[in-house]
Amino acid sequence: TNMATGIEVGQETIQTFNSFKLRNGGRWLTLKIEADESGVVEAARSEGGDDDWDGFLEALTDNDDANGRPDGRYGFYKLDFEFNGATRDELILFQYCPGDSSIRTRMLYAGTMGALKSTLSGIGKMEIQATGLDDLDKDEIMAECVKQAR
């Protein structure tokens with residue numbers, strides 16, 4: 001259990017993440033904090049391994065909480081990029097929480113991020129905290145991957 005928020009990243013979520021990391025585990029995965037704040041669970045995942053940035057963005061950003069306010073999500077995307085003539089991939093962690101989410105939602109997602117990172121193994125070093133679609137420009141993120149690969 002996370003000391004900051006009391007929200008647990010349970011065994012089922014760990015297994016979901018571990019199967020997602022496998023080569024055929026899909027291109028992206030989103031996780032959410034349950035409405036009763038008991039834990040972090042799978043929200044959605046891609047069907048296949050194809051590059052599906054638009055599908056990922058929709059799953060990450062187009063969610064409302066029980067009160068109809070924008071809800072947060074955690075997301076993982078396997079992004080392919082070119083570096084030194086070879087294709088590499090990076091598993092990127094996203095924390096999405098729009099500015100017009102409730103203060104409680106923003107606090108819970110920010111406060112549970114540490115527990116998520118310490119519980120799930122194999123997350124890449126790229127981490128993106130986004131409050132809107134302008135923070136989620138694929139070309140900019142790819143450029144950042146290339147910069148970090150140097």
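**Reading rings and a buried threonine**

Reply: Let us begin with Trp53, which in this predicted model has a relative accessible area of 9% and is therefore buried, since buried means under 20%.

Me: How is a pair of aromatic rings described?

Reply: Such a pair is described by the distance of the centres and the angle of the planes. The structure holds nine aromatic pairs, and one of them joins Trp53 and Tyr77 in an edge-to-face arrangement, with 5.0 Å from centre to centre and 80° between the planes. Because Trp53 belongs to helix α2 (residues 53–61) and Tyr77 to strand β3 (residues 73–83), this pair ties together parts that are 24 residues apart in sequence.

Me: Is Tyr77 buried or exposed, and which residues do ring pairs link into a cluster with it?

Reply: Tyr77 is buried, its relative accessible area being 0%, and the cluster linked by ring pairs consists of Trp28, Trp53, Phe56, Tyr77 and Phe94.

Me: Which charged end sits over the ring of Phe20?

Reply: That is the charged end of Lys78, which lies 4.4 Å from the centre of the Phe20 ring.

Me: Turning to a polar side chain, where is Thr112 placed, and with which side chain does the side chain of Thr112 make a polar contact?

Reply: Thr112 is in helix α3 (residues 103–119), and it counts as buried because its relative accessibility is 0%. The side chain of Thr112 makes a polar contact of 2.9 Å with the side chain of Thr5, while a polar atom of the Thr112 side chain also lies 2.7 Å from the backbone oxygen of Leu108.

Technical notes
Residues numbered from 1 in each chain as written. Predicted model: local features only at pLDDT ≥ 70, side-chain atom pairs only at ≥ 80, totals over all residues. Heavy atoms only, no water. Helix = DSSP H or I, 4+ residues; strand = E, 2+ residues; numbered from the N terminus. Buried < 20%, exposed > 50% of the residue type's maximum accessible area, 1.4 Å probe, protein only. Polar contact = N/O pair within 3.5 Å; in protein donor to acceptor, adjacent residues only side chain to side chain. Phe/Tyr/Trp six-rings, centres within 6.5 Å; stacked < 30°, edge-to-face > 60°. Lys NZ or Arg CZ within 6 Å of the ring centre and 35° of its normal.
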